Structures are given as structure tokens and as C-alpha cells.
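Hi everyone, thanks for coming. I'd like to walk you through a structure that may be new to you, so please have a look at it with me.

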Amino acid sequence: MKYFGTDGFRGEANKSLNVYHAFKIGRFIGQYFNKKNNGNGKIVIGKDTRRSSYMFEDAISAGVTSSGSDCYLLHVTTTPSVSYVVRSEDFDCGVMITASHNPFYDNGIKLIDSEGEKMKDDFLLKLEEYIDSDFEDIELATGEDIGRTVDFTHGRNRYIAFLIQTVTKSFKHVRVGLDCANGASSAIAKSVYDALGADTFVINDKPNGYNINVDCGSTHIEKLQQFVRENNLDCGFAFDGDADRCIGVDNEGNVMDGDHILYVCANYLKEEGKLENNSIVTTVMSNIGLYKALDRVGISYRKTPVGDKNVQKEMVKTGDVIGGEQSGHIIFSKYANTGDGILTSLRMMEVMIDNKTDFSTLTRDLKIYPQTLKNLKVSDKQKVLNNEQVIKKIKEVEDQLKDTGRVLVRKSGTEPLIRVMIEAKSKELCDQFADEIIETIENTGLVIE
């Protein structure tokens, strides 16, 4: 698709993603759902804390209402809260304005269908056609047919109540650190943990429009590691800008990424007799160490392309109850059909409390292999992947690693990048093999300086 990648329409605000794009998206979804529901289209919008999110909220809202649908504003909230509200409050469509873990000058628009899932590709293709067309293709509503805008902050409060109700254990006397990335979780996470009785310590919960994800959150986990150690906390959880990701820190200050979370929760569900199919869903980015650990405890796994949308699709197909990505997008199908960082942290807390132990103990049998991940900006991603010399070099590295490591060379779904990932027994081997593949790609003449 031209605009919508693996995680929505994303780009630098008012450059590759501008206010006119936002208005046209609002126009299209407003008209589409108004027609579909005989003049009763209902769209709900949430946004993260970056400065441009307010501009895009206004533009989308104007587009929706000018096409005859009603627009409900959740204001600053998380992506999973929009998903929850759409499916629980009978909305036709949800919109989340966010660029997730990207810097503040970027932004994005995610569309969520009435089931709370990411919008299907056939709908997005029609929308992209309209984005490249003239405004006149859709008639403006007039008179009493113009849609209304409704303040819907209580929808966010219902989501907070939902999160609290998913927990059956008290968090009393547990010292928990939360890094809100100066993003959407700043408005939600502490309220949830306080209500559950935890001793809650929060950092990076003072958004100013520019500091979202800046040296904080799930992409800068070292800040939370230091915070947990210095304050002698039992654990910590860091979220990204829109809080659909969660990365943990154990009681010793060690990182628990999505692979650790999948391992801990899958083991727990198996012991409880609740791991459907005795399997989980991962993406191709999960560490080889996770697969070896799952093999040892007798849990099977499926692999999908990168993207929680692909994980969710596979879970629906197979009936598996847990799946996710190394980056911290974790889906628990009992509660949600999209990644939810706060929900994930609550599930981890319950495992720890139920086992009456700490996370360093729960993860001790999971040995993560060293990994190198490097990106190359290229002019044609597919040409690089189809190049005979590149294919040959990848095969050579795979033959040398055998079952002691892994190679993954893939294209980014949202940027003009080729990602080269190597896992091996040592960081030195990772770097060596990654450099060999990168040199081969550079020799194709397709790398952009």
C-alpha cells in the first residue's frame, strides 16, 4: 500500500503526513460509515501527547462531521483503549493518532474496525484511492445532517475500570516502577496500579508535546533499569508513546523484553491448564533463545511476519491465547485483540504474585542469544532481497551458524530500510556476519548514503 504500512499511515507531521491527509481520512470514514448505518455513523478518536496530535485530531474530526457522522473524542489516551472502546461501546470505527515509539515530530493515524482490530487491507486500499482523489468525490453534509462532536473522556475511564477488573490479585506491598515515556500511558497507568494497591513509582509522566519517547520509555529501557535499582523496586514496566508495547525490568534491574514476557506467561498458562493448543504465536524477530527454552518445557510455537496485526490474525486462525513480538507487543486474546502494554504488565504482575517469587527467578532458564540488528537505507527494498549475491551470502552465513544462531534479513514495513539481524553465541560473531551481509548489500549499488 502507498500510505498505510504495518502500523498505520506514519510520517513527519505536515510533511509526508499532513493535515490535508488527516482531513481526507476523516471525510472518507465519516461518509463510509454514515452511509453504511443509514445516517448514524459513529467514530471515536484518541491521540497521544505529541504536539501535532491536536492538529490532526481537529482535522479528522472536521472531516468526519462534515461527512455526516458523529465524532467522539477520547482525548489523550492509549491505542489499546481505543480498541477497547470501539468494540465495547458499539462504534463503527476507531482512530488513534500516534507515531508510537517514534520522535515527537513524527505522527501517524491508525484505523481500528468495529471488532477492535486493525482495519482490513481492502478498506485501506479504498481509502488510499480517495486520499489521492479530489475532495469533491464526497458530498458535504448540510443542515441537521452535519455530524456532532462529543467529549467522550468517560470512555477512557471505562477502559481504566476494565483493566482493574481483569486483575484477581492484590498488588499490596509490591514496589513497582512505571516509565510512561511522556506519552499516552501518563493519563492511565498510575491510576490502575494505585487502585490495585501497589506502591507505585512513576517516571516520565509529564508530557509537554515534545518529550514523548525522548530518552525514556520502552525504547530507552536503561532509564527504568537504573530507577528500579536505585529505588530497590520489585519490578518495573516501560511503555511506548501509545502504550501498546511493554518492556519489563526484573528485581535485579535486568531487561525483560517481549520474548521474556511470552516465556513467563506461557509457562504460567500451561501450569494453569489454560494454554490453548499448548502453543504461542511469535514473529520471526523472536530470539532463538526463546525457541530453545520453549522446546525444553514442551511448549510449541508459530512464527508470523513482523507486526502485531499478523500475530493477531494467526491467533484468530489457530485459537492460541497468547502471542506477541520481541518489541513488547503482546496479545492476550481473553482480554483484547491488540497489543496492550498496561494489560501486559498486569498479567506479568499476577504471574509473579501467584508464584510468590521474583522475575529474575521466573526467567532464569531463558538464555537470550546475543543479537546484532543493523539498518540500511535503500532505494528499492525488493530488489535488494531478490539480488542473487545477497541471497547467496545469507545462505553462506546460515550454513556457518547452523543451529547455533539465526539470520534474518527483511524489509521495513514503514521505512525505506533493509534490516539485517544476526543471532549467534557471541556478539563478535553477530557483528562479523552482519557486516559481511551489509557489505554484500552495499555492493548492489542500491544503498542510499
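Let me begin with a term: helices (H or I, at least four residues) and strands (E, at least two) are DSSP runs, numbered from the N terminus. What you see is a predicted model, where local features need pLDDT of at least 70 and side-chain atom pairs count only at pLDDT 80 or more, while totals for chains, interfaces and linings use all residues. Residues are numbered from 1 along each chain as its sequence is written, and side-chain values use heavy atoms, with hydrogens and water left out.

Let's start with a pocket. A pocket here is found on a 1 Å grid over the protein atoms alone, as an open set of points where a 1.4 Å probe fits, with protein on both sides within 12 Å along at least five of seven lines; its lining residues have an atom within 4 Å of a point. The second largest pocket has a volume of about 390 Å³, a volume being the space filled by probe spheres set on the points, which are joined across faces, edges and corners. It has 17 lining residues, and Y268, L269, K274, K334 and Y335 are the closest to its centre. Which helix gives the most to this lining? That is helix 11, with four residues. Helix 11 spans 341-355, and helix 8 (258-271) also supplies at least two lining residues.

Now to a pair of helices. Helix 3 (residues 79-88) packs against helix 5 (residues 153-165) at an angle of about 100 degrees, with the axes 9 Å apart. That makes the two roughly perpendicular, a label for angles of 65 to 115 degrees. The axes are lines fitted to C-alpha atoms over the stretch in contact, and angles run from 0 to 180 degrees between N-to-C directions. On the helix 3 side, P80, S81, Y84, V85 and R87 meet G155, R158, Y159 and F162 of helix 5; contact means heavy atoms within 4.5 Å.

Leaving aside residues up to four places away in sequence, S170 touches L196 and I353.

Five strands form an open sheet in the order 9-8-10-11-12, with mixed pairing; two strands pair if DSSP finds at least two bridges between them. Strand 9 (199-203) and strand 12 (255-256) are at the edges with a single partner strand each, so one side of each has no neighbour in the sheet. Strand 10 (residues 235-239) and strand 11 (residues 246-249) run antiparallel, joined by four bridges. There, F237 stands opposite G248 of strand 11.

Terms used. Parallel < 35°, antiparallel > 145°, perpendicular 65-115°, else oblique.
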